[in-house]
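Please read it with the sequence and the coordinates at hand.

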Amino acid sequence: HIKYLIDYYPTNADFEADDEEWSNRWLVWNFKNDPDKTSEKDHLEALNKVIPKFEELLSDTFGKEALSYLTLVCIPASTKEKNESRYKLFSEELCHRTGMENGYDHTRIDFNRTAKRDGGKKNNVNYSFDDNYFSGKRVILFDDIITKGDSMRIAKSKLESIGSTIICGLAIGKTRHEHH
């Protein structure tokens with residue numbers, strides 16, 4: 001099961017986006033924290049919008065007490081730098097607020113890769129997990145955007161192969177190309 005907060009319509013969608021759809025785009029872009037697109041202030045504002053929503057969603061879904069038995073894993077970005085700027089503060093704050101364990105420091109970027117949207121290879125996995133740490137963990141997977149779900153499926157498979165149980169996936173947005 002994957003839960004997400006918003007429908008994300010990319011700029012190549014075949015229609016003119018309305019104000020809310022543009023706002024959702026900027027929320028995702030500001031969360032991603034790309035220095036060419038956003039500022040640190042905008043990134044922090046995005047975190048201040050999404051973290052309370054995920055805290056509420058997780059508490060409502062699992063109960064506040066049960067969250068301490070879960071471990072958050074952010075599916076790594078294409079480079080170490082992007083991964084840190086995107087997920088370090090997010091995972092620290094969300095885990096602090098919910099009581100979940102933070103798997104951030106137990107996920108390694110083995111090499112930098114070209115992002116898929118920039119022409120990188122599909123399913124070019126550039127990360128690994130600390131087998132000892134994740135064995136026996138109940139994991140909540142997080143990705144900023146779900147398009148086809150490939151990244152989520154790959155991370156799920158890797159974690160299950162070392163003994164983790166995947167409870168669910170979370171994302172800020174789900175990519176849509178047509179209005180529903």
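The points that follow take up the helices and their surroundings in turn.

1. The model is predicted, and every value quoted here should be read as computed from that model.

2. After the helix comes G63, a residue whose phi is positive, near 85 degrees.

3. The buried residues of α2 are H43, A46, L47, V50, I51, F54, E55, L58 and S59. Several of the steps in this list can be read against the helical repeat: an α-helix has 3.6 residues a turn, so residues three or four places apart point the same way. As for their partners, the buried residues of α2 pack against β1, α1, α3, β6 and β7.

4. On the side of α2 the contact is made by H43, L44, L47, V50, I51, P52, F54, E55 and L58, while α3 contributes S85, R86, L89, F90, E93, L94, R97 and T98. Sorted by class, this contact of α2 with α3 has ten nonpolar, three polar and four charged residues.

5. The pairing of α2 with helix α1, residues 19–32, has an angle of about 115 degrees and axes 8 Å apart. Because angles from 65 to 115 degrees count as roughly perpendicular, α1 is described as roughly perpendicular to α2; the value quoted for this pair is about 115 degrees. The crossing of α1 and α2 is left-handed. From α1, L27, N30 and F31 take part in the contact, and they meet D42, H43, A46, L47, K49 and V50 in α2. The residues of this contact divide into five nonpolar, two polar and two charged.

6. If its neighbours within four places in sequence are left aside, N24 is in contact with I6, D7 and Y8.

7. For context, most residues other than glycine have a negative phi. N33 is also buried, with a relative accessible area of 9%.

8. Helix α5, residues 150–161, has twelve residues and reaches 17 Å from its first C-alpha to its last, close to the 16 Å expected at 1.5 Å a residue. Its buried residues are D150, M152, A155 and L159. These buried residues of α5 pack against the strands β1 (2–8), β2 (70–74), β5 (127–129), β6 (138–146) and β7 (165–175), and also against helix α4 (131–134). α5 is followed by G163, whose phi is positive, near 100 degrees.

Definitions and conventions
Residues are numbered from 1 along each chain as its sequence is written. This is a predicted model: local features need pLDDT of at least 70, side-chain atom pairs count only at pLDDT 80 or more; totals for chains, interfaces and linings use all residues. Side-chain values use heavy atoms; hydrogens and water are left out. Contact means heavy atoms within 4.5 Å. Helices (H or I, at least four residues) and strands (E, at least two) are DSSP runs, numbered from the N terminus. Ala, Val, Leu, Ile, Met, Phe, Trp, Tyr, Cys and Pro count as nonpolar, Asp, Glu, Lys and Arg as charged, and the others, Gly among them, as polar. Axes are lines fitted to C-alpha atoms, for helices over the stretch in contact, and angles run from 0 to 180 degrees between N-to-C directions. Angles under 35 degrees count as roughly parallel, over 145 as roughly antiparallel, 65 to 115 as roughly perpendicular and the rest as oblique. A crossing is left-handed if the near helix is turned anticlockwise from the far one by less than a right angle, and right-handed if clockwise. The expected span of a helix is 1.5 Å times one less than its number of residues. Buried means under 20% relative accessible area, exposed over 50%, partly exposed in between (1.4 Å probe, protein chains only).
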